[in-house]
Every structure is written in structure tokens, then in C-alpha cells.
Amino acid sequence: MDRAYGAEAEAVRIRFRRWLGDHLPAGWTSGKREIPKHPAEEDRFLRRWAEDLARGGWAGMAWPAAYGGRDAPLLEQIVLEEELAHVEAPHFVNFVGTNLVGPTLIALGSESQKRTYLPRILSCEEVWCQGFSEPNAGSDLAALSLRAVPDGQDLVLTGQKTWTSFATIADRCFLLARTGIGARRHDGITALIVDMRQPGIEVRPIHQINGSRRFNEVFFSGVRAGRADIVGEIDRGWSVAMTMLQFERVALAAQVFALRNSLTRLVRTVERATRTSEAAAVRRRTVAEFVVRCRAVEALFYRHLSEQIHGVALGPRGSLVKLVVTELHKELAGVGVGLMGSTGALWDDEADPLVARWRDVWLTSIGYTLAGGTSEILRNLVAERILGLPRDLRD
Amino acid sequence: MDLRLSADQVAFGQAVRSLLDSAGGTLVARRFAAGEPTTAVDLWRELAAAGVPGILVPEDRGGLGLGLVSAVPVLEELGRALAPGPFAETYVLAAAAFSRMSDPAAKARLADIASGSLRVGLCFGGEAHLVRSSQGARLFVADALAFYPAHVDLLAIDVADGSSEGSHLVFVRRDSPGIRFDARTPVDPSVGIGLVWIDGPVMSPDTIECDPAGSRRAIDAFRVALACMLVGTMSRVLELSTDHAKTRTQFGQPIGRFQAIKHRLADMYSAVELSRSLCYDGALAIEEGRSDLAAAAAAAKAFATTSSLRVCLDGIQVHGGLGFTWESDMHLFLKRARSWEHYGGSPADCLDAMKLEVT
């Protein structure tokens, strides 16, 4: 048994850390983490950051060499996530493209799709978004109803997607549309590549409780997609979507490392807060409990990672870390806000930056217990697919 | 990067499970509770024949010479079966303490552990002091508890001293003059328990005194061992509760179909897997002599304590009224978890061992 990353992964770590030092905005690593506030400028900033990462060879490095990647092993991808988290790097806006769509097209796309889209995904010349959820199809994704109706060589799309991240930046959308009614609700769904820069598409940012507008509603009215842009077969898109979802494992690492950052921040906060407080011992023990629980989550994450690295499929166990890390982060961040005392009632970014940070981390953490599978759905998955309990009654 | 047990380690655990199942599983605990210790004594003999007691004892002392990671699955199985006996105290605490000592008495005791002819108990709670004078050293213990006082040969006591570690382990012969036991009734029916009184002078040439640093390392290993046994207990509770949820029907269906039951079981599964992960990490940290091994061991015990209480309570909930009967095993698991809450260090002591560091 061993917990070391190994020499090769550590060498990648050193190279990437040096690259980050050279390419992050000036002052970033010493704490000056400023992103433009204006939405259009923020989009431009993030897009440039994605292109920089791509130019450095860091985006899509897990792709096969034949498609421009370097077959980087999973452990090296984890190292990258760890280093990005360590400096709280800006969001990588083409995550959907390089981590989800790219590998899916490599596995299931046509030769023409691979030739056309893969190079542009890799360079981040084209940024992608994912169009899955709808107002009436969240946890019950198979209830989606955005229609794609054949019209000559095209399909015409009418309907709405929601919770689409970075849709204001995206050039392409990988979406699921209803093309037919089958024996099961999962039949009659088609995976499609859609050009986001065409008339008929309206993107409306969703104002989230943390003040961000990263997620969007996207309305499709008379939007066209070519038959050549069907991924897999018509009416058989559900399995394509399931293939794509299994590529989300690197995103989980980012969650684990974000939790680590919050724990560090909690320790610093308690050190600051207990200098004048009589409740020092109580606060110390509260934080010590979180240290224990965070250790447990990391140990579980590395156990699961060990299985994947050594070729053992995680299967439904993959739901477990997402469930525990997001719920723990929400709880920890809540304690962080609580330590701010009365100032926790202020939404005032000019005041103590620590107050703003805890507020932001806490409100954002709530979203992660909902996105990518709500905690309730994940508990169902654990109970049904791991413990073998009977499925919920449903239509 | 590989935080998994090896195939050999898994196989050893499975072999111990077979042995414990053949002995009757929790029936051994029930017979012990009913005042018939012979089944337990037979079990200890069978475990000795399989080499289990010597798992951490060096090969040149007749043991298997394995590391703490190898003991993890074995300890889980012992916890799963609620097997009565001072396993963590003997196989881990005493073996770990004696292995680091050059004292010939300690080395001789290692061989006895491996052969199954020596059992060790540990005092907890109460007060313990060692008073040194020109007449020698005298041990005073008041109001302490020990598990299986009638069945152990050596008694370990963590005595306060002036050292930076604060205390060290002293191992005295149970039959020494000056040691008195009051047999008491335990909450956990699968154990024996007694109050221990020691009123000097039990320090004899037979007494083994472990240095403070070595004592701390032995207690770290002991904490991981207790955590492993609690993981075994928890996983058995999960297994029984899941089976019950699949077979018990109410309102025309298995109760496991209802989300209240289903989600509770999912959370129990989380607790077991998280606890197990800390046991692996704690055992690995100790084997590797990692700089954070004390924190890793304390974390394993603290988390297993909290989790096992919750899981065992949840297990009773899932079983409904049945879970509240003496006939069901569910209360045995709960009472084991409760009894060990302060064993190996209170939850507060374990939390205090966590370093609040900025990484």
C-alpha cells in the first residue's frame, strides 16, 4: 500500500507549477486574484486563459497522441487539478470541450466529426457547453422534450435548455434532443452538435444565489443542426450521454482539492478568531473535527483513484465521493461564515475580504450538492446500485 | 499510488472470517455473555493455531512479522463477529510496545503473544500514578476499568509521568499482589469488565516498562486497531440492515424501497467506507513512520467512534421494533460502539491530536 504519486507525476507537477508561475496574471500567486467584473470582459479573460492553457499543452493532455494529446495517465491529470486548486486558478471554460466532448467524440464520433471538431477543441479556439437539463428534466433527464425534427439534410430544434454553464462564451453545444417516442423514455433521444453562433438561439444568464451568472437558460427556435452532427445514432443518444458522464471523474478531484483549500482557510480563520476569544478551545475542536472528516474524504478519494489507476472500474461507487465531498464542503463553509460573526450578515465586497470569501464559498457550495446529481439522487444510486435495494416506484 | 489491500492481505482477512463463522459468529459472544467462556477460549486457541496473534510479532519471536496494514482486515473480521477477547490489546498494543524494546522480558513475552499463551488487558479511565522512591517504584491505580480482567495475564497501565509525552505504559502481571479486581456488569454483553485497584508494590522484575515514545507509538497502533474492529462491526450492521430492508415488507412492498430507509442505508454505507479509508491511511502512516502518524491514528479512532455510534443507532431504526429486542444482535453492536467511545483515548483527546496546519 502506498500513497505517493510517483516520480513521473511529480515531475509533471514541477513543470506545471513553473508554467503557472509564468502564465498566471501578475500578482496572482501572491493573492491579487482579480478577474474583470464586467461580464463581457470576464468572458474574454477566461477565454484567453483557456487558450493559454491549450498553448502550453495542458488542455486535453489525456487525449491519445493520435488526436493531439499525450496519453497522460490519470494521476498526472489529478496533479494538474491539484496545482490549479493550490493557486485558485481561474475557471477553465472549455472543460466541457476538452474533458467531456473530446473523449466522447474520440470514442463514438464519426471520422468527419473528429477531423472537424477535435483540433478546435484542443486549441480552445472553440469553447463548448453542454445542453442536457431542461426546466422539466433535471434529475429526470429522460423527460427532456426539446424537439429535433428532420427537415431535409438538417434537424430543426425547438425548445429550451437550462443550467448550461458558460453558454454566453460557447461556440458549440453538445446537446440531447428528443427525436422520437420509443418503448422506454430513454429511447428516442439524440445527441447533437449545435452551432451556438446562429440565429434562433437566445442565451439568458441565470442569476444564482451566490451572485454569479455562470449558468444560463438557452432557448432554441428554428435552430438547425446537420445530420452529420448527430453523435452516434439517431434515437440512441442516451448511451452517448452515459458515455460522456463517465468522463467527469477529473471534475471530482477539483472538488476534493477545493475542500482542502476551504479547510486551510478555516484553520487560518480560527487562528485569527481565537486571539481574543474565550471560546478558543471549542473552536479548535470544531476545526479539528473538520480536519478528521476531510482526511476521511481524501483517503476515500485516493482509494477510489487507486482502483481506477490500476484498471479497476469504480462503477456506481463513483457516486459516493461526490456525495460526501459536496455535503462536507457545504457544512464546513457554513461554519466559516459563522466564524465571521455579525459581519456574516453583510454583502459588502469592500469590507473584509475574508467575509466575502466565506460568503461566496458557502453559497457556491450549496450549488455543488445540486449540480451533477443532487445528493438525494446520489443517495438513491448508492442504495440501489451498490446496496441492491429496490428502486423507487415510478411511472 | 495504491491505497488498496494486497491480494494476500485480503485473503488473510477472508480466512479469519471463515474461522470466526465456523466458530458460530456472534453466538460466541452470546455464550460468553451467558457466563460460558469456553467457546471463546476455544476460539482463542483456533486463532493461535492459525498464527493470528503473532501477526505483528517479528518472525524470530515466532510471529508472522507483518505490518499494521496486514492486520487491518483481520481486525475488521474480529469486530464484525463481535468476537470476545482482548485482541487489539494483545495482538497490537502489547506486540507493538514489546517489539520496540531491547528488554529480554519484553522479547520473551512477544513469543508468548505469538503462541497464544499470553493475553493482555489495558486499564482505562480512573487514575494511575507511578511513585519512585529509594525503596523502588510503586504503582497506584484507582477507579480504572479493564476489559476481560479474569482472562488476561498481563495488565497494561498508562501511567502519568513527567515526560514530554506525559505518560508511558507499564505492563504488570495480573496475579501480582496488590492488584484487586471488582468484577462488574458491562453494557456490552460480549465483554468482561472489572474495576481495577492497585495499591503498590507490583513493580517486580517481571514488570515491563515501555519508554514514553515507544508507548505513544504503541497507543497510536492500538487506536487504529480499535478503529478497524469498529469498521468490521459497522459493516456487519450495514449488511444485516440492508438484508432486513430487502426482506421486511410493509404497505405491500420491501421497506427498502422507501427513501427514508434507503437514504439512511446510503449514509451508513458512506460512514463505513470513510471510516475504512482512515484505517487504511492510519495503518499505512504507522508502517511508513510518516510524520503525521499520530494524527492519522487519532483521526481513525475519532471518526470510527462517531460513525459507529451513528451507524449502529441507524441499524436499529431500520430494523424497527425488532431492533429493540435483546434477541436481535443489533443492540450488541451498539453497545460495543458505546463502550469503546473513550477507549484508546476520549474523542476530545483524539481531536486534540489533530494538527491544525496550513498546507
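Me: How many cavities of 30 Å³ or more does a search of the whole structure find, and what makes a space a cavity?

Reply: The search finds two. A cavity is a set of points, on a 1 Å grid over the protein atoms alone, where a 1.4 Å probe fits but cannot get out. The model is predicted, so local features need pLDDT of at least 70 and side-chain atom pairs 80 or more, whereas totals for chains, interfaces and linings use all residues. Residues are numbered from 1 along each chain, chains are lettered from A and ligands numbered from 1 as written, and side-chain values use heavy atoms, without hydrogens and water.

Me: Which residues line the largest cavity, and what makes a residue part of a lining?

Reply: A lining residue has an atom within 4 Å of a cavity point. For the largest cavity, of about 100 Å³, the lining includes Trp44(B), Pro53(B), Tyr91(B), Ile113(B) and Arg119(B). Helix H5 (residues 87-99) of chain B gives the most, three residues.

Me: What is known of the second largest cavity?

Reply: Its volume is about 60 Å³, and H5(B) again supplies the largest share of its lining, three residues. Among the lining residues are Phe147(B), Met229(B), Arg336(B) and Trp340(B).

Me: Why is the pair Trp19(A) and Trp58(A) called edge-to-face?

Reply: Rings of Phe, Tyr and Trp (its six-membered ring) pair if their centres lie within 6.5 Å, and planes under 30 degrees apart count as stacked, over 60 as edge-to-face and the rest as tilted. Trp19(A) lies in helix H1 (residues 7-23) of chain A and Trp58(A) in the loop between helices H2 (39-55) and H3 (74-86) of chain A, so the pair ties together parts 39 residues apart in sequence. Both residues are buried (under 20% relative accessible area).

Me: How do you know that Phe251(B) and Phe258(B) form a pair, and are they buried or exposed?

Reply: Their centres lie 6.3 Å apart, within the limit, and the 80° between the planes makes the pair edge-to-face. Phe251(B), at 74% relative accessibility, is exposed because the threshold is over 50%.

Me: Which residues do ring pairs link into a cluster?

Reply: The cluster comprises Phe124(B), Phe147(B), Phe222(B), Trp340(B) and Tyr343(B). Phe147(B) and Trp340(B) also line the second largest cavity.

How values were computed: On a 1 Å grid over the protein atoms alone, a cavity is a set of points where a 1.4 Å probe fits but cannot get out, and a pocket is an open set with protein on both sides within 12 Å along at least five of seven lines; lining residues have an atom within 4 Å of a point. Grid points are joined across faces, edges and corners, and a volume is the space filled by probe spheres set on the points. Helices (H or I, at least four residues) and strands (E, at least two) are DSSP runs, numbered from the N terminus. Buried means under 20% relative accessible area, exposed over 50%, partly exposed in between (1.4 Å probe, protein chains only).
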